[in-house]
Amino acid sequence: MKIQIEKSNLVVFESALFKTTTTLLIGNDYLVLFDPNWLPLEIEFITNYIAKIKKDRKEYLLFTHSDYDHIIGYGAFKEYETIASQNFVNNPKQNKIVNQINVFDDSHYINRNYKIEYPLINHIIDCDEQVLRLGESKFLFWQAVGHNPDSLLILDTMNNTLVVGDYLSNVEFPYIYTSVKEYKLTLDKIENIISNYNVEYLISGHGDFTSDRIEMLKRLKDSRDYINLLEDSVINNKTFNFKKVMERYHFPIIMKEFHDGNIRLAKKEINT
Ligand SMILES: [Zn+2]
C-alpha cells in the first residue's frame, strides 16, 4: 500500500481507489486511526502496521464523516473507541450507506473477514472548538457541514496536524452534497484554524497531504474560486467552463458527474 508520509508520530496511507487517505496519529500513550479504507488487503496492511507499533497505546478510531468510503473499514477495528459527530450518529441514511458498501463489495466480488455495519460511536462531537483529551494530547473539533451534513475538522494540538475530511483536496474540486452556503462557512473555519493555530500538516480525505502553508492557502483559494464560478453560472445563467476547471484535475468523466450534482444542488439552494 502506498504510504504518503511515515514519521514516528504520523503516517498517511493512500488507497489505490480515489486516492483515499487513512491517517494514523501516534502519541506516547494513544493512537488515532482516521477512516481506514478501502480494499481488504489495504485494511490488512494497516492492521499489520498498527500491530507492530501499537505497544500499550490506547486505540481510537475517528470518522471524519459518514460517506461510505470513509466507514468501510469499521468492522476491522471494532475494539477501538470511536469518535464522530452528533450528526454522524443521527444520520437518517445509515441503512443506505451500509447498502452502498454491500453493493460496492458485490459488484467487485469482494469478501471481507468482518461484518459491514454502521459505526457505533463512543465519543460524540456536537459543537465547535470541542475539546477531547486523548492520551497526552488535546484534540480540537469543529463541525464542517457542506460536503455532507456530518463532517468534522480535527486538530491534534500536540502533533499540529489538521485532518479536514473531504475538504481542501488537491485532486478534486469541492463536492457539495449539503449546501453551498454551509460549504463556504466551513472554508472560512478552515482558514481561521490555519491562521490561529500552528498547523504543520494538513490532511485531506483524498489526494496528498501538505505541510506547505502556501499550498494550504492555495487549496482554499482553489475551492473558493470553483464555488464562485458555480454560483455565478447558476445565478446569472451562464455556461460553466468545466474544461477550464479540469486543467487542474485528472478524472474528467467521473468528476463531471460530481460537477453536475453540484450544479443541481446550487440551483435548488439558490432558487429557494
Ligand atoms: Zn470521500
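Predicted model: local features only at pLDDT ≥ 70, side-chain atom pairs only at ≥ 80, totals over all residues.
The expected span of a helix is 1.5 Å times one less than its number of residues.

**Entry 1: helix lengths.** I started with α4, residues 94-107. Next came α6, with 23 residues. From first C-alpha to last it reaches 33 Å, close to the 33 Å expected.

**Entry 2: what comes after those helices.** α4 is followed by Y109, with a positive phi near 55°. α6 is followed by N237, and its phi is also positive, near 55°.

**Entry 3: α6 and its surroundings.** Which residues of α6 are buried? I found M216, R219, S223, I227, L230 and V234. The buried residues of this helix pack against α5 (180-196), β12 (201-203) and α8.

I then took the pair α6 (213-235) and α8 (252-270) on its own. Their axes come within 10 Å and cross at roughly 60°. Angles of 65 to 115 degrees would count as roughly perpendicular, and this pair is therefore oblique. The crossing is right-handed. On the α6 side the contact uses L230, E231, V234 and I235; on the α8 side I noted N262, I263, A266, K267 and I270. Sorted by type, the contact residues come to 6 nonpolar, 1 polar and 2 charged.

**Entry 4: the loop between β4 and α1.** I went here for W38, which sits in the loop between β4 (30-34) and α1 (40-53). Is D35 buried or exposed? It has 26 C-beta neighbours inside 10 Å, so I put it down as buried.

**Entry 5: either side of β8.** E129, in the loop between β7 (123-125) and β8, is another non-glycine with a positive phi, about 60°. I count 10 C-beta neighbours inside 10 Å for E129, so it goes down as exposed.

E136 lies in the loop between β8 (130-134) and β9 (137-143). It is exposed, with 10 other C-beta atoms within 10 Å. What does E136 contact beyond its neighbours within four places in sequence? My list reads G27, N28, D29 and M158. I also looked up Y30: it is 106 residues from E136 along the chain, with their C-alpha atoms separated by 7.7 Å.

How values were computed
Residues numbered from 1 in each chain as written. Axes fitted to C-alpha atoms, helices over the stretch in contact; angles between N-to-C directions. Helix = DSSP H or I, 4+ residues; strand = E, 2+ residues; numbered from the N terminus. Parallel < 35°, antiparallel > 145°, perpendicular 65-115°, else oblique. Left-handed = near helix turned anticlockwise from the far one by under 90°. Contact = placed C-beta atoms within 7 Å. Nonpolar A, V, L, I, M, F, W, Y, C, P; charged D, E, K, R; others polar. Buried ≥ 20, exposed ≤ 12 C-beta atoms within 10 Å, placed from the backbone.
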